[in-house]
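User: Hi! Could you walk me through this model, starting with how its pieces pack?
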Amino acid sequence: MSDLARTPRQIGTLIQRIRKRRNWTQKQLAERAGLRQATISTIERGEKPAKLDSILAVLSALDLEFRIGERSKGDAGDIEEIF
């Protein structure tokens, strides 16, 4: 699986989608990540910036990784199609 996210909201949407695919509640993910359920909710909504440490803990709990690469040259519509 390889998804592209460029905004906090897109990151949150991907995390939520994967969490739900595993049939985990926010509380279950929070326990696995060592965070509060409210933090998971904040990350998934993408409404305010989350600490990088928190996002990395969530990704680790979901057995995902963070990668950095060159920005693709697609248009804005390409990104929106993902969501």
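**Helix packing and a pocket**

Analyst: Happy to. The axes of helix α3 (residues 37-45) and α4 come within 11 Å and cross at roughly 95°. Axes here are lines fitted to C-alpha atoms, for helices over the stretch in contact, with angles from 0 to 180 degrees between N-to-C directions. This is a predicted model, where local features need pLDDT of at least 70 and side-chain atom pairs count only at pLDDT 80 or more, while totals for chains, interfaces and linings use all residues. Residues are numbered from 1 along each chain as its sequence is written, and side-chain values use heavy atoms, with hydrogens and water left out.

User: How are α3 and α4 oriented to each other, then?

Analyst: They are roughly perpendicular, a label for angles of 65 to 115 degrees.

User: Which residues meet there?

Analyst: From α3, T39, I40 and I43 touch S54, I55 and V58 of α4, where contact means heavy atoms within 4.5 Å. By class that gives four nonpolar, two polar and no charged residues. Nonpolar covers Ala, Val, Leu, Ile, Met, Phe, Trp, Tyr, Cys and Pro, charged covers Asp, Glu, Lys and Arg, and polar is the others, Gly among them.

User: Where does α2 cross α4?

Analyst: The axes of α2 (residues 26-33) and α4 (residues 52-61) come within 8 Å, crossing at roughly 105°. That makes α2 roughly perpendicular to α4. L29, R32 and A33 of α2 make the contact with A57, V58 and A61 of α4. Five of the contact residues are nonpolar, none polar and one charged.

User: How many helices and strands are there in the chain?

Analyst: Five helices and zero strands. Helices (H or I, at least four residues) and strands (E, at least two) are DSSP runs, numbered from the N terminus.

User: Back to α3. Which of its residues are buried?

Analyst: T39, I40, S41, T42, I43 and E44. Buried means under 20% relative accessible area, exposed over 50%, and partly exposed in between, with a 1.4 Å probe and protein chains only. The cover over the buried residues of α3 includes α1, α2 and α4.

User: And Q26, buried or exposed?

Analyst: Q26 is buried, with a relative accessible area of 17%. Q26 sits in helix α2 and touches R19, Q37, I40, S41 and E44, leaving aside residues up to four places away in sequence.

User: New topic: what's the phi of N23?

Analyst: N23 has a positive phi of about 60° although it is not a glycine. N23 is in the loop between α1 and α2, and it is exposed, at 67% relative accessible area.

User: What about D63?

Analyst: D63 also has a positive phi of about 60° and is not a glycine. D63 lies in the loop between α4 and α5 (76-82) and is exposed, at 69%.

User: Last one: what lines the largest pocket?

Analyst: The lining has 22 residues, and D3, L4, A5, E65 and R67 lie nearest the centre of the pocket. A pocket, on a 1 Å grid over the protein atoms alone, is an open set of points where a 1.4 Å probe fits, with protein on both sides within 12 Å along at least five of seven lines, and lining residues have an atom within 4 Å of a point. The largest share of the lining, four residues, comes from α1. By class, the lining has 13 nonpolar, three polar and six charged residues.

Technical notes. Angles under 35 degrees count as roughly parallel, over 145 as roughly antiparallel, 65 to 115 as roughly perpendicular and the rest as oblique.
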